[in-house]
Number of protein chains: 2
Amino acid sequence: MSVAVEELSTHGRAALERASRDPLHRLPQGFVAATASAAIKKPGRQDMAIVVCPDGAAAAGMFTRNLVCAAPVQLSKRHLVMTRGHAHAILINSGCANAATGAEGMSRAIECVEAVARELDVAAEAILVNSTGVIGVQLPVERMLDQIPGLMQRLVDGPLLPFASAIMTTDTYPKTAAIEIEHEGRRAIVSGVAKGAGMIHPDMSPPQATMISAIFTDADVEPRALQTMLGDAIDQSFHRISIDGDTSTNDSVFALASGKAGAFPEAKVAAAMRAVARELALLVVRDGEGFERGIEVKVTGAKTKADALTVAKTIASSLLVRCAVTGGDPNWGRILAAAGRAGVALDIADLTLTVGGVDLFRDGAPADTPLPDRERVFREPLVAIHLDLGQGHASDEFFSCGLTESYVRLNADYTT
Amino acid sequence: MSVAVEELSTHGRAALERASRDPLHRLPQGFVAATASAAIKKPGRQDMAIVVCPDGAAAAGMFTRNLVCAAPVQLSKRHLVMTRGHAHAILINSGCANAATGAEGMSRAIECVEAVARELDVAAEAILVNSTGVIGVQLPVERMLDQIPGLMQRLVDGPLLPFASAIMTTDTYPKTAAIEIEHEGRRAIVSGVAKGAGMIHPDMSPPQATMISAIFTDADVEPRALQTMLGDAIDQSFHRISIDGDTSTNDSVFALASGKAGAFPEAKVAAAMRAVARELALLVVRDGEGFERGIEVKVTGAKTKADALTVAKTIASSLLVRCAVTGGDPNWGRILAAAGRAGVALDIADLTLTVGGVDLFRDGAPADTPLPDRERVFREPLVAIHLDLGQGHASDEFFSCGLTESYVRLNADYTT
């Protein structure tokens, strides 16, 4: 663990506590995992992680729509198609994204995958893979290959924590989530890990998202059903968050179902997967680079859900709104200005804006809420913006965080 | 002048020098102007400015497409329609945007306009008006009305500088530009002023852009031709810049033609207007809040000009690209990642990326340019990004600036 507990935010401490102590935050039956250090970016840091399902698992994936799509993402997409949704392992490294690395990058990704396949005595296409870190730099494939035999010898079941920690980049804490489901006296776990703090604006589609997440269950789920569940879960979670609007070259969410706990009603598994994905997505946004204060935008009274989402996303992504939140500055005019440029037809006279439940704009004019009340709600740990468009009955929500000086500092000096 | 010369950037000093000394940076024949202080935000600061064309002028305007459109912008649009493109004056205040202020905001804007109209003995619709500053706060209309008679008594021809200074908000220097045109021995001036440093992502349409600009000429131009010229000029200038992606509630560009210098070939006036608008737009982006380093993105080899513009705008607006530029960090992968999410079909294998003329990505793979050369081009005052899509012959360009800690600091504490 490379995390200094004393430097963590409240969110970070709670997340680390759960990852360390909550007995549910573990690999479900049928999965084992290990981590290693290949000194990809920093010597000594755990930067390779593998999860293995020795008897195979139903597999699904959601991958970035960014057309500059990393080699490992291309490879994983291809493998899921070839196997029609089955996998024996997921190999992930941090420190290097293996994106924009050309044919050489692809052949290095393939070398890693083939080494794992040989160790497991399965076909290469049974291995899923992803990388996260700097773009445009080649993987140190020799050092990685050297670590693979050791990884295989150390495979163990147990907590998700080591895996969640090894895939971190600028994350300040490991992200894990888990839910137990029950059916006819039998129990199964849906648990997952995620990483991501910058270049976060997931936009993924099925076998075709540097947020990386993996969700595991020992429930028995067919590959096609697993893909549908995963798509629905992502749409209500990772597709509702943004840290900087920059959709990554490597975003991926994998789902693996080992089947070891037997069959469960699909609705139960799907609900658990939605809940786990949502918790992981919120963990990601609360660990956004330079995080100081969260933003929740709820848009109601829209004609369509798509309109509500567009307005919510535009407000949550506005640099000026995000700066105001950082400053705890009740400059709510920026919220209306963002709504007005979202590309959704609206009439300012119909808008009602509250933040933290306090009236700011109503009946076409500024509300006369006293300044101290306005200031208070902009200084909460989570600034809860609610805009009603006054047009219909559709609603949606979106999550982001204040834009801070530390975000800029961190990203002005990331590679060098 | 509230500008401390010693604190200005090189750009700022040059701009101030030209505004102060260049004899062309003046009001053309037929225009007079004055400024006043109504203590709208800070006591003592010149925060009201008026330009008057005593004999009337052909008038055109481009106004924000933001649906949360300020009262003065709505009023100016209406006036231009009523007069079919004529005006006697433009009144502008800084310190308060009069946006999201409801019916009360509109009636205060009308009170100011009517006071000016009475002084000039013209119809109210002959007065154009705009405001810039904080959103959601009512105009201190009494203090403003008190200043109008004095403004009218101080009207003088001469330099654009006082007018350009009075409309500044977070700008660090006044923005003026001018070109002289000649035809058959006669001369006319096309000159203009602009303000804007934050909430800059102009998206304007004809009589329907807190960037404010006004362009003046003594050439004789019919209103309809003036509107067409202005639209073309804005499309190639203010619509090619972004500081933060936040399209304002108050963006407006006005053009006034007094006709005092007689008729000129339209192409000459149009070319001069394009050049003046472009210079003003570049002055705005170089004075972007927290400006340290400029970004120029040129996209070539696109199938269509629209594709080229979309990719250029996405790269120039990417927070991660903008942070890398601030850090002088050659993290060029972020440029490709931004291109990949722009929504334009592209194949990474066809892309060629240079920055400052130095190869970074070519033939589907990273170029082996030495690190010192890569670092050098990311540390120039203007980082010149050139991405060729390898698809066709269309090209376009877009301008922005590095995202800095000072931008965040400034905008985290703007109203309070």
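In chain B, strand β8 runs parallel to strand β9 (residues 252-257), and six bridges join the two. Two strands pair if DSSP finds at least two bridges between them. Helices (H or I, at least four residues) and strands (E, at least two) are DSSP runs, numbered from the N terminus. The model is a predicted one: local features need pLDDT of at least 70, side-chain atom pairs count only at pLDDT 80 or more, and totals for chains, interfaces and linings use all residues. Residues are numbered from 1 along each chain as its sequence is written, and chains are lettered from A and ligands numbered from 1 in the order in which they are written.

Strand β8 (residues 212-217) of chain B is largely enclosed by the rest of the structure, because six of its six residues are buried. A residue is buried if 20 or more other C-beta atoms lie within 10 Å of its own, exposed if 12 or fewer, and partly exposed in between, with C-beta atoms placed from the backbone. In a regular strand the side chains alternate between the two faces of the sheet. B:Ile212, B:Ala214 and B:Phe216 point one way from β8(B), B:Ser213, B:Ile215 and B:Thr217 point the other way, and all are buried.

Chain B also holds an open sheet of six strands, in the order β13-β12-β11-β14-β10-β15, with mixed pairing. Strands β13 (365-366) and β15 (394-401) of chain B stand at the edges with a single partner strand each, so one side of each has no neighbour in the sheet. Strands β10 (residues 294-302) and β14 (residues 382-388) of chain B pair in the parallel sense over seven bridges. B:Val297 stands opposite B:Ile385 in β14(B). Two helices lie across this part of chain B. Helix α7 (residues 266-286) of chain B lies across β10 and β15, at about 45° to β15(B). Helix α8 (residues 305-317) of chain B lies across β10, β14 and β15, at about 20° to β15(B). Axes are lines fitted to C-alpha atoms, for helices over the stretch in contact, and angles run from 0 to 180 degrees between N-to-C directions.

Chain A has an open sheet of six strands in the order β13-β12-β11-β14-β10-β15, again with mixed pairing. Its edge strands are β13 (365-366) and β15 (394-401) of chain A, each pairing on one side only. Strands β10 (residues 294-302) and β14 (residues 382-388) of chain A run parallel, joined by seven bridges. The bridge partner of A:Val297 in β14(A) is A:Ile385. Helix α8 (residues 305-317) of chain A packs on the sheet and touches β10, β14 and β15 of chain A, its direction making about 20° with that of β15(A). Helix α10 (residues 333-340) of chain A also packs on the sheet, touching β11 (352-355), β12 (358-362) and β14 of chain A, at about 50° to β14(A).

Elsewhere in chain A, helices α3 (residues 102-120) and α4 (residues 141-153) pack at an angle of about 20°, with axes 10 Å apart. The two are therefore roughly parallel to each other (angles under 35 degrees count as roughly parallel, over 145 as roughly antiparallel, 65 to 115 as roughly perpendicular and the rest as oblique).

Between the chains, 55 residues of chain B are in contact with 55 residues of chain A (two residues are in contact if their C-beta atoms, placed from the backbone, lie within 7 Å). On the side of chain B that touches chain A, α3 (102-120), α9 (319-327), α10 (333-340), β13 and α12 (405-412) of chain B each supply at least two residues. The largest share, seven residues, comes from α10(B). This side of chain B divides into 26 nonpolar, 19 polar and 10 charged residues. Ala, Val, Leu, Ile, Met, Phe, Trp, Tyr, Cys and Pro count as nonpolar, Asp, Glu, Lys and Arg as charged, and the others, Gly among them, as polar.

Helix α10(B) is mostly covered, with eight of its eight residues buried. Its cover includes β4 (127-134) of chain A, together with α8, α9, β11 (352-355), β12 (358-362) and β14 of chain B.
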